[in-house]
Each structure stands twice: as structure tokens, then as C-alpha cells.
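Hi there,

Here is the structure I promised to pass on to you. Have a look at it first, and then read on for my notes.

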Amino acid sequence: MITQKNYAAIDIGSNAVRLLVSTITEQKGREETDFRKTSLVRVPIRLGEDVFKESFISEKNIERMVDTMQAFNLLMKSHGIVKYKACATSAMREAKNGAEVVEKIKAKTGVEIEIIDGNHEAAIIAATDLHELIKNDCNYLYVDVGGGSTEYTLYSGGKTVASRSFKVGTVRLLNNLVEDGAWEEMEKWVRETTKPYKDIDLIGSGGNINNIFKTSGKKEGKPLSLAYIKKYNELLNSLSYEERVMDLQLKSDRADVIIPASRIYLNSMKWARADNIFVPKIGLADGIIKSLYNGKKK
């Protein structure tokens, strides 16, 4: 006997807002559960530009958020969603009117949003299928680059050794809004945390590294080399914004943030002395789906 249910995750980031719908299939007598992405909708609202500059979400973007959540709510009804969770990260965390916006969205759309901290964000992402990639006899530095922050988790022997969130993200870097010393602090943490471990590989997540991986033409499960990331970073920096949109066929809201993102991944590899970076198709939304399902089982 097979049972199927649709779950949804809303990821409210500093660059974009996403709705992921997953179909979860369970079969009696079979231990493994199948998680299949049914739909993914992305809206580039870029809340971070408001918050990191002015500390507030603008009226224009509040209205865009309300419209987007209303649309997401209708899509969830159309998909017959049995359970959903909406999580907001760096930009909403720091917005002085963040709680007020959450209340307004709930009142106008019925969508309830939870503002989570960086450690919670990293823990939710860790609930994804990372275990399928992580080998017990290897060391990995997991790096998730967002618009407002970068999350690191070090795995060794199949277990979490350390994790840290830094207020260094693509939208912040793009607008020169990273606090003095934040980049140096991030470098120091990565170098010191990874120093006792040999042969570290990176695991990267986020829309930008997914785009870089797609461009490489590599088969899923195969890593990108440090040399490839370095070469691609040089290519990105050699092109104008218009050339990145036209020649590399990047979306307009991706063509600018991909440069600071590639810089973070490249430097993270150098700091950790890593030669390879694996790019599984995972992120916060995937982690939310898994945590919803695991919560149901408990």
C-alpha cells in the first residue's frame, strides 16, 4: 500500500523568497521514504537591500511580501498541502519591523512565518540528505552562502564537530555592508577549525553554487575542483553585468550576487585547504520539508 502527501516549505531569504512543494511517498513494508520535489517557485524580492542599508523593510517590499505569500497560500491549496512551514532568515531577523511584517502577513494572508537564527538555520539544513554524501572516514566543511549570512558546519567521522554563522552574505558584500573585521573573523574561524583535519572536502549549498555546478556540466554527485572554481570566478569578474546576463544566461537578480558568492566559496576552499567541493541540490527549504516529516513521525 502506498500513501502520498504533499508538504511545503517557504524560505524567506535576504535575496529571494522560495516556495518548495514536495510529494512524500511511503510504502508499507518499505523503510525508505521517497521525497520528490513537485514544484519550486522563486521570487527575487531582495529584502536584504532594505534591511542591511536602512534596518527596515520598505513599504514597497512589505506589499510585495504580502502579495507573494497570498500567491504561495493559493498554490499550497492547489497542491493540497497537508503541512507547511515558513522560515525567515538574516534580513527578517535584523529588520526592526520584522515582527510587525510577520503579523501583517499573517493577518492578510493567513501564512505564519517563523524568524529563525543562524544556528537554527544551519541545523535545519543539516536535516537534509547530507548523510548520504558524508562518509564516516572523511572530513567535510559544509558551506551555505545566502544573501545575508554564511553558515559553516564541520563534519568528521560522520558527526558534527563545529558550526558557525557569519553576517557575511552576497547582498551585504554587494552593497559594501559587511562589518569591519567580519571577513577576517570568518577566515580565522575556518582556518583554525579545519587545521587539525587533513584531506577536507567542501559541500556547498545555495542558488549560486548550484548555478555554477549546472554550468560545469558535471554529473550529479561529482565534485568541482578548486581550479574550476578559481577559473570560473575569474571569468565572472572579467565580464560586465550585461555580459553575465547575456553570455552566461544568468537571471538578472543572479548576475550580480554570483560574484561575491563565488568569492566566498573560493576562499572557503583555500582556507580549509580543500581541493574539491560537492554540490548536492539541498538548501533550507529541503531541510524544512525533512524536519516537518521527522516531526510528524515523532
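Predicted model: local features only at pLDDT ≥ 70, side-chain atom pairs only at ≥ 80, totals over all residues.

Let me start with the strands. Strand β1 (residues 2–12) and strand β4 (residues 81–88) run parallel and are joined by seven bridges. β4 is also joined to strand β5 (residues 113–115), again in parallel, by three bridges.

Next comes helix α4, residues 98–109. Its 12 residues reach 16 Å from the first C-alpha to the last, close to the 16 Å expected at 1.5 Å a residue. Which residues of α4 are buried? They are G98, V101, V102, I105 and T109. Seen down the axis of α4, these buried residues fall within an arc of 105 degrees, so they line one face of the helix. The general rule behind such a pattern is that an α-helix has 3.6 residues a turn, so residues three or four places apart point the same way. The buried residues of α4 pack against α2 (59–79), α3 (90–94) and β5. On the face turned away from the buried side you will find the exposed residues A99, E100, E103 and A107. Just after α4, G110 takes a positive phi of about 85 degrees.

Finally, the cysteines. A search of the whole structure finds zero disulfides. C87 counts as buried, because its relative accessibility is 0%, while C138, at 24%, counts as partly exposed.

How values were computed: Residues numbered from 1 in each chain as written. Heavy atoms only, no water. Pairing = 2+ DSSP bridges. Helix = DSSP H or I, 4+ residues; strand = E, 2+ residues; numbered from the N terminus. Disulfide = S-S within 2.5 Å. Buried < 20%, exposed > 50% of the residue type's maximum accessible area, 1.4 Å probe, protein only. Expected span 1.5 Å × (residues − 1). Arc of directions from axis to C-beta. Contact = heavy atoms within 4.5 Å.
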